[in-house]
Amino acid sequence: MRTEEPRPIRLKDYTPPAFAIDEVNLDIELDPKATKVHSRLSMRRMGDGPLRLDGEKLKLLEVRIDGEKLGANRYSVDGEHLTIFEVPEGDFTLETVTSCAPVENTALTGLYLSSDIYCTQCEAEGFRRITYYLDRPDVMSVFRTRIVADEKKVPVLLSNGNPVASGKLKGGKHFVEWHDPFRKPAYLFALVAGDLAHVEDKFTTMSGREVTLRIFVEKGNEDRCDYAMGALKRAMKWDEEAFGREYDLDIFMIVAVSAFNMGAMENKGLNVFNDKYILALPDTATDADYAAIEAIIAHEYFHNWTGNRITCRDWFQLCLKEGLTVFRDQEFTGDMRSRPVKRISDVRLLRAHQFPEDGGPLAHPVRPDSYIEINNFYTATVYEKGAELCRMIHTMVGPKRFRKGMDLYFERHDGEAATVENFLDALSDGAKIDLTQFKRWYSQSGTPEVLASGRYDAARKTYTLKMSQVCAPTPGQPMKEPYHIPVAVGLVGANGRDMKLQLDGEEKPGATTRVLHLTEREGTWRFRNVTEKPVPSLLRGFTAPVKLNAHLKERDLVFLMRHDSDSFNRWEAAQRYATGLLLSMVEARASGGTARKGTGFGEMIRDLLTAKKIDPDFVAQIIALPSEQTLAQMIGRDVDVDAIHGAREELRASIAAQTKDELLSAYERMKVDGPYRPEAEDAGRRALRNVCLSYLAVAPGKDGAALAAAQFREADNMTDSIAALTVLANIEGPERIAALDAFYKRWQKNHLVMDKWLAIQATSALPGTLDEVKRLTQHPAFTMKNPNKVRALITSFASMNQLHFHDAKGAGYAFVADKVLELDKLNPQVAARLTGAFRSWRQFGPKRRKLMVKELKRIAGTEGLSRDVYEIATKTLA
Ligand code: 0A1
Ligand code: ZN
């Protein structure tokens, strides 16, 4: 057990900083074992309180105030702080000299080495591992950074802002000095140095300024940056057009590194990326990789305004930059690619990650009110639900007024560290909307459930829609006040067309989709002049992050999945139909009864595949079955993973048998001719073709496996190759082994492709997968020191392989718990994320629950546990 219980930090305890730092001067002499940091801070007292600076894992060599060296009696140091007892009343300069050891830094926060590249990660609290500082986002300063290193070994020296001086020094060293004119918090500081290559381009901003764009990569990877560079230019242009935001420095740099805890980081003028989200060539990157590169490049770039120019006052306000920036990147992708497909995949993501978080032991509001370790709060709730909150405001006011609100937000708060209140006030004033009740979305956790029922009165020609809302208790929040929920509604006539809607009290019929505002616990709306009984299409476009129960009959779902003009709801109806069928099959397996029979899904697939005009990407989405995890979530208690897997496979096979000819013909028709292009149009065809392949793999006869083997041999791009390999990896036999071997031999030198190879094996449904995963932890392609490898092998197993992680004897749990503990010593952040795999323990039957709790207790009770893992393990158990 930990000797000291970590204490939570609370939003209500926020106090402004006692000191301002007007300027920061850093002199950093790089050395793997002892990097020396000489910091000069121009400080000014702002309020009461001692001067207590943050600092961790630092060796303090010297402290000076206004040039005078302080004796040991003038300050105190512990593992987390440097406290100076007395400081001058007016302005003063605080100097410290410290040293740190990047080579020993396996946590990948602060200054560390990725391969041989020096690299920093300062969000959220990493800067304190570089030097003593007031490491909080509301302390903003102008940074000047001078980097010194060996000229031969470390030729490239980068930091934020613009380079202002450089030169040679004695002893084979050289230096570069950087100046960032924009005040920023320390979490946006970055330094990168090493033997890097770069590619360069230019962008002319809307006011005609020329910006140099550079992407830095390890030597030999220069030819893999074209797509990323194109995406960056598209993002820069889009932000000018959609939000009027222009880039503000002369140079914008991106660096790709292989060891990184997250996806990427928006450091001012010097974004650092997990190389997985930069490097791409058709034979090594899938369509999904290309799409992620475009989205993440945009996300980090958009942070320049939403995050950097306007930052957060404190870490409780994290959604202010993250939710808003995710909303912005979603809109960007919607404009660049298929908007309906983007919405479907965002909702899929929200339901797969955020809904379980919000309904489990780790539920927290979009703006949390307390935390033990802030790194645990980079969550689906803060990011994805945070984005949904921005989207709801956008839905309620429309694009023009939303833009006015955003303009006002930028105008009011540029250069400041802001709060959620600042954001909502600006939106409310600029977009002219009262957000008083809406604000509850930021402080109440949990996913509201909306119950809807409609009644048609043929005599009066009215349709009455009743909706009510409830939100189940979540940790620390037994009661909820009603939310302001915007619900987009349409009524579909028997001919499949939308009706024009006329609400009670309205003169004439208007638009065919209306946004209704459910603000009380219950609400009733009456539509007039409804000439026939409609099928309601509710929550079109998923206008609110809620669980909707509309009591639709199977026949209505079939109708909507064929006719709804709202693509999202067509997809939704199909998913609900398939889910209903699957749940009844799961139940039948448990009770020995017979399952409901439904051929509607197969018929829909047949119709879609044979239709004259189809949008392949959308069809690929609508015909895919809900995942095993989704089904487990729907069931919610005493989940039987074997029954779920069995039922899903059974339905897949019966659909495949029912539609084999259409699947085969679509498989042929969707083949993309000509050289690979990552654009959405071709990607959509490949997506549909590969969904067909996954059905065909289980169709009667052996053609499916043969088809997959042929596709694997012939593929000229990674998308098709991986799709085929995934199919083969789930079919026992020599082809499987041969394909996995061939893939390994071909790609063993490419670490990103090797991650795919690991993940495919970790997610296989075949028996013996856990043993294979264990074996792979000893494989040269795997190391616990690299987060991408851990995620590819262990996180994939724990969170994507429901069948084997939940092995009935608990072997999966024990393995993952062992890995959590092993990893915690190296990288607490990644270990804490992995611990999250246990969060759903209450969903399972008593035997599995007991086994999971046992492992969680073993983790929580381990001596020397990090704050990160401690918080997740104890909260999960609570
Ligand atoms: N702000 C980044 C994500 C990020 C957060 C934390 C990190 O280290 C703990 C690293 C990156 C983003 O939203 O892209
Ligand atoms: Zn972000």
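Predicted model: local features only at pLDDT ≥ 70, side-chain atom pairs only at ≥ 80, totals over all residues.
Helices, meaning H or I runs of at least four residues, and strands, meaning E runs of at least two, are DSSP runs here, numbered from the N terminus.

Residues are numbered from 1 along each chain as its sequence is written, and chains are lettered from A and ligands numbered from 1 in the order in which they are written.

First, the overall picture. The protein chain has 25 helices and 31 strands. Its radius of gyration, taken over C-alpha atoms, is 28 Å, close to the 29 Å from the globule rule (2.2 Å times the number of residues to the power 0.38), so the chain is as compact as a globular protein of 878 residues. Along the principal axes, the C-alpha atoms fill a box of roughly 90 × 70 × 60 Å. Of the 878 residues, 50% are buried; buried means 20 or more other C-beta atoms within 10 Å of the residue's own, exposed means 12 or fewer, and partly exposed is in between, with C-beta atoms placed from the backbone.

Two residues are in contact if their C-beta atoms, placed from the backbone, lie within 7 Å. Among contacts between residues at least 6 apart in sequence, 69% join residues at least 24 apart.

Next, domains. The chain is divided into domain 1 (1-194), domain 2 (449-563) and domain 3 (748-878), with bounds from an automatic or database domain assignment. The centres of domain 1 and domain 3, over C-alpha atoms, are 34 Å apart. In their interface, 7 residues of domain 1 are in contact with 11 residues of domain 3. The domain 1 side has 4 nonpolar, 2 polar and 1 charged residues. Nonpolar covers Ala, Val, Leu, Ile, Met, Phe, Trp, Tyr, Cys and Pro; charged covers Asp, Glu, Lys and Arg; the others, Gly among them, are polar.

Now a helix pair. The axes of H8 (residues 554-563) and H9 (residues 567-591) come within 8 Å and cross at roughly 145°. These axes are lines fitted to C-alpha atoms over the stretch in contact, and angles run from 0 to 180 degrees between N-to-C directions. On the H8 side the contact is made by Glu-554, Leu-557, Val-558, Leu-560 and Met-561, and on the H9 side the residues include Ala-573, Tyr-577 and Gly-580. By class, this contact has 7 nonpolar, 2 polar and 3 charged residues.

Most residues other than glycine have a negative phi, and most peptide bonds are trans. Asn-529, not a glycine, has a positive phi of about 55°. Asn-529 sits in the loop between strand S29 (522-527) and strand S30 (535-538), and counts as partly exposed because 15 other C-beta atoms lie within 10 Å. Asp-638 also has a positive phi, about 50°, and lies in the loop between H12 (628-635) and H13 (641-669). With 12 C-beta neighbours inside 10 Å, Asp-638 is exposed. Finally, a cis peptide bond joins Glu-123 and Ala-124, with omega about -5°. Ala-124 is in the loop between S11 (117-121) and S12 (141-150).
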